[in-house]
Amino acid sequence: MDTKEIIRYLSAYDGKELKLMEVCGTHTAAIFKNGIRSLISPKIKLISGPGCPVCVTPSSYIDAVASYALKEGCCVLTFGDRMKGPGKGGSLSDLMGQGASVRIMYSPFEALELASKHPETTWVVAAVGFETTAPSYALMIDEASKRNIENIRVVTALKTVVPALRWICENQPDIDGFICPGHVSVITGSDVYIPLAEDYAKPFVVSGFEAEHILAVIYDIVRQLEHGEGRVDNLYPNAVRPEGNERAKEILSKCFEKGPATWRGLGRIEGSGLYLSGEYGRYDAGSRDLTSDMKLPDGCRCAEVITGRIDPSQCPMFGEACKPESPYGPCMVSAEGACGIWYRNR
């Protein structure tokens with residue numbers, strides 16, 4: 001079936017109301033960019049999930065990174081979208097005015113060069129992300145170990161998506177199907193969703209990022225639901241293999257082990273965090289202890305946005321007190337956050 005036929009089918013859909021969650025922030029952006037909602041029936045509701053790693057990072061992590069930035073002899077390396085993440089003591093951006101030593105990086109491997117050139121400084125890498133970016137941090141640490149570079153430390157907030165999807169299935173049974181993240185699935189493979197589909201009898205379909213990819217996935221999910229099916233389909237086969245990227249998974253298992261992690265808006269999820277293990281543990285800067293989180297600011301409904309209970313525009317702060325240049329809650333901080341995407345496409 002070509003894209004025009006799919007659009008005709010989805011726009012004319014008049015069955016039971018369906019709630020489909022796109023887990024990836026890039027999918028949320030692509031849905032807006034391509035006007036997907038205007039092409040499908042209002043009975044097919046697309047909702048955003050916890051697809052932004054910055055948004056689900058707890059405040060204790062941000063506070064820990066900030067403490068290193070204020071410590072003499074230390075410099076924090078971070079990607080730019082981590083700068084405005086709110087902690088109890090403010091964001092990294094806020095603290096720079098107090099003398100915090102922070103440097104924006106474009107690759108974790110910059111830490112190797114900086115640590116070699118400046119052995120007098122401890123370079124603290126703020127490692128935030130899902131399976132997509134975790135291998136790059138693992139490769140960097142592995143290389144540091146091989147080169148006996150000891151003035152690097154890593155504060156990790158690396159999380160895995162499948163345990164969060166299981167949490168959502170357990171706590172929000174009204175979600176009918178899932179548009180699975182393309183970038184994450186390149187690493188994990190599509191087979192990783194099979195236990196979820198079997199346990200909850202819901203469709204889990206891997207999608208690319210073009211309009212025709214997303215429309216095809218929505219069509220696949222709707223057709224599965226109409227036939228009472230709930231299986232895993234991979235509609236992004238040119239990038240995603242059933243088994244995933246074996247080399248990336250090998251370096252992850254070499255450097256990290258799984259443990260409980262706190263997701264802002266979701267709470268503690270067992271087995272969802274990645275922590276440096278074995279000989280690599282000496283590079284960790286206290287990541288396992290960062291489990292507490294501050295109460296969201298009064299009026300902020302980011303927890304409901306992250307779990308798909310409400311759309312960002314339903315939050316009373318959205319576009320008023322909360323904007324990308326002055327984020328009130330975590331979902332507005334990052335370019336991948338649902339509130340930030342909705343605001344830019346409002």
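**Close-up views of a predicted model**

**View 1. Helices H7 and H12 cross with their axes within 9 Å of each other, at roughly 60°.** The model is a predicted one, in which local features need pLDDT of at least 70, side-chain atom pairs count only at pLDDT 80 or more, and totals for chains, interfaces and linings use all residues. Residues are numbered from 1 along each chain as its sequence is written, and side-chain values use heavy atoms, with hydrogens and water left out. Helices (H or I, at least four residues) and strands (E, at least two) are DSSP runs, numbered from the N terminus. Axes are lines fitted to C-alpha atoms, for helices over the stretch in contact, and angles run from 0 to 180 degrees between N-to-C directions. The angle makes H7 oblique to H12; angles under 35 degrees count as roughly parallel, over 145 as roughly antiparallel, 65 to 115 as roughly perpendicular and the rest as oblique. The crossing of H7 and H12 is left-handed, a term used if the near helix is turned anticlockwise from the far one by less than a right angle, whereas clockwise is right-handed. On the H7 side, Ala134, Pro135, Ala138, Leu139 and Asp142 meet Ala248, Ile251, Leu252, Lys254 and Cys255 of H12, contact being heavy atoms within 4.5 Å. By class, these residues are eight nonpolar, no polar and two charged (Ala, Val, Leu, Ile, Met, Phe, Trp, Tyr, Cys and Pro count as nonpolar, Asp, Glu, Lys and Arg as charged, and the others, Gly among them, as polar).

**View 2. Helix H1 (residues 3–12) meets helix H11 (residues 211–226) at roughly 50°, their axes coming within 10 Å.** The two helices are therefore oblique to each other, and their crossing is left-handed. H1 contributes Thr3, Ile6, Ile7, Tyr9 and Leu10 to the contact, while H11 contributes Glu212, Leu215, Ala216, Ile218, Tyr219, Val222, Arg223 and Glu226. Nine nonpolar, one polar and three charged residues make up this contact.

**View 3. Helix H4 (residues 59–69) is largely enclosed by the rest of the structure, because eight of its eleven residues are buried.** Buried means under 20% relative accessible area, exposed over 50%, and partly exposed in between (1.4 Å probe, protein chains only). The buried residues of H4 are Ser59, Ser60, Tyr61, Ile62, Ala64, Val65, Ala66 and Ala69. Their cover includes strands E3 (74–78), E4 (102–104), E5 (122–129) and E6 (152–159), together with helix H5 (92–95).

**View 4. Cysteine 169 is buried, at 4% relative accessibility.** Its closest cysteine sulfur belongs to cysteine 180 and is 9.6 Å away, too far for a bond. A disulfide is a pair of cysteine sulfur atoms within 2.5 Å, and by this rule the count is zero. Cysteine 52 is likewise buried, with a relative accessible area of 3%.

**View 5. Asparagine 148 has a positive phi of about 55° although it is not a glycine.** This residue is in the loop between helix H7 (134–146) and strand E6, and is exposed at 58% relative accessible area. Alanine 201, also not a glycine, has a positive phi of about 50°. The place of alanine 201 is the loop between helix H10 (194–200) and strand E8 (204–206), where its 56% relative accessibility counts as exposed.

**View 6. Glutamate 246 belongs to helix H12 (residues 246–255).** With 45% relative accessibility, glutamate 246 is partly exposed. Its C-alpha atom is 9.1 Å from that of glycine 189, which is 57 residues away along the chain.
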